[in-house]
Amino acid sequence: MTLLKHELSQGKQMLFIWTAVIAGMLGVCIFIYPEIKGEMSDIGSMFSNLGSFSAAFGMDKISFGTFLGFFSVECGNILGLGGAFFAALLGISSLSKEEKEQTAEFLLTHPIHRSSIVLQKLFALVLQILILNAIVTGVTALSIYAIGESPDIKTLALLLLAYLILQLETAAVCFGISAFLSGSGSGIGLGTAALFYFLNILANLTEELRFLKFITPFSYAEGADIITENSLHLQYLSIGLAAAAISILAAFYWYSKKDIV
């Protein structure tokens, strides 16, 4: 487990910064809600009648006047997109950084199997995402308590769970890509997360592009759908989990046979 500890130690600064930024922005966003609560109903009515723009962000299905409606649109974008970027950066650098930083030769001369390297790096990746989400959940709960709101706990829990799974899938896909890279892949990772986000927006705009929902993990983390249906889309979720599993298997397979220099 030495490599696992090394990965966690090496990534602690990045974890601290991203956690502080995302949790801090979420806290501020929640604390703003009581100040604008009275105007949110009118704003929500205006946004719900903007046609394609409203549909793209799910604002035609929910009310800004409710805390959960406000949370899913404003806070959800912070946690969903910010968390996806963090997960993508972690995943895309996990296996490629040894070659980029020219530490692969040192690592592979130790009596440790390549599959163990992949497994420990994967555990470190998942653990960091879980830590971020645990802190974010705590900050969210404390902030909601502080402003005196009482949202439906099940719906709020489903929203937070959906964002967690979204991050894990994004990380897994980028982790799989990382096994095929030999240099910096930060741009690829951020691009993958951004692509997932915009594919979901496109899928919301028109029925002809609805099939894109099967590609992006943002499909089952759609706040408007979770609030109105009080459940996750199992159809999209199952495909997302399958994509994550295939990506991880690809990472194990390719990393075990690639020529690392």
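Q: How many cavities of 30 Å³ or more are counted in this structure?
A: The model is predicted, so local features need pLDDT of at least 70 and side-chain atom pairs count only at pLDDT 80 or more, whereas totals for chains, interfaces and linings use all residues. Residues are numbered from 1 along each chain as its sequence is written, and side-chain values rest on heavy atoms, with hydrogens and water left out. A cavity is a set of points, on a 1 Å grid over the protein atoms alone, where a 1.4 Å probe fits but cannot get out. With grid points joined across faces, edges and corners, the count of cavities of 30 Å³ or more comes to one.

Q: How much space lies in the largest cavity?
A: A volume here is the space filled by probe spheres set on the grid points. For the largest cavity, that space is about 250 Å³.

Q: At which residue does α4 bend?
A: Helices (DSSP runs of H or I, at least four residues) and strands (runs of E, at least two) are numbered from the N terminus. Helix α4 (residues 67-94) has 28 residues and reaches 37 Å from its first C-alpha to its last, close to the 40 Å expected at 1.5 Å a residue, the expected span being 1.5 Å times one less than the number of residues. Taking a bend as the angle between axes fitted to the seven residues ending at a residue and the seven starting there, α4 bends by about 45 degrees at Gly-76.

Q: Why is α4 largely enclosed by the rest of the structure?
A: Buried means under 20% relative accessible area, exposed over 50%, and partly exposed in between (1.4 Å probe, protein chains only). Helix α4 is largely enclosed because its buried residues number 23 of the 28.

Q: Which residue forms a salt bridge with Glu-7?
A: A salt bridge is a side-chain nitrogen of Lys or Arg within 4 Å of a carboxyl oxygen of Asp or Glu, and the count comes to two. Glu-7, in helix α1 (residues 2-10), and its partner, in helix α7 (residues 114-147), are 114 residues apart. Glu-7 counts as buried at 5% relative accessibility, and the side chain that meets Glu-7, at 2.9 Å from N to O, belongs to Lys-121.

Q: How far apart are the closest N and O atoms of Glu-222 and Lys-213?
A: Glu-222 counts as buried at 10% relative accessibility, and Lys-213 is buried with a relative accessible area of 1%. In the salt bridge between Glu-222 and Lys-213, the distance between the closest N and O atoms is 3.0 Å.

Q: What is the phi of Asn-230?
A: Most residues other than glycine have a negative phi. Asn-230, found in the loop between α10 and α11, is partly exposed, with a relative accessible area of 27%. Its phi is positive, near 55 degrees.

Technical notes: On a 1 Å grid over the protein atoms alone, a cavity is a set of points where a 1.4 Å probe fits but cannot get out, and a pocket is an open set with protein on both sides within 12 Å along at least five of seven lines; lining residues have an atom within 4 Å of a point.
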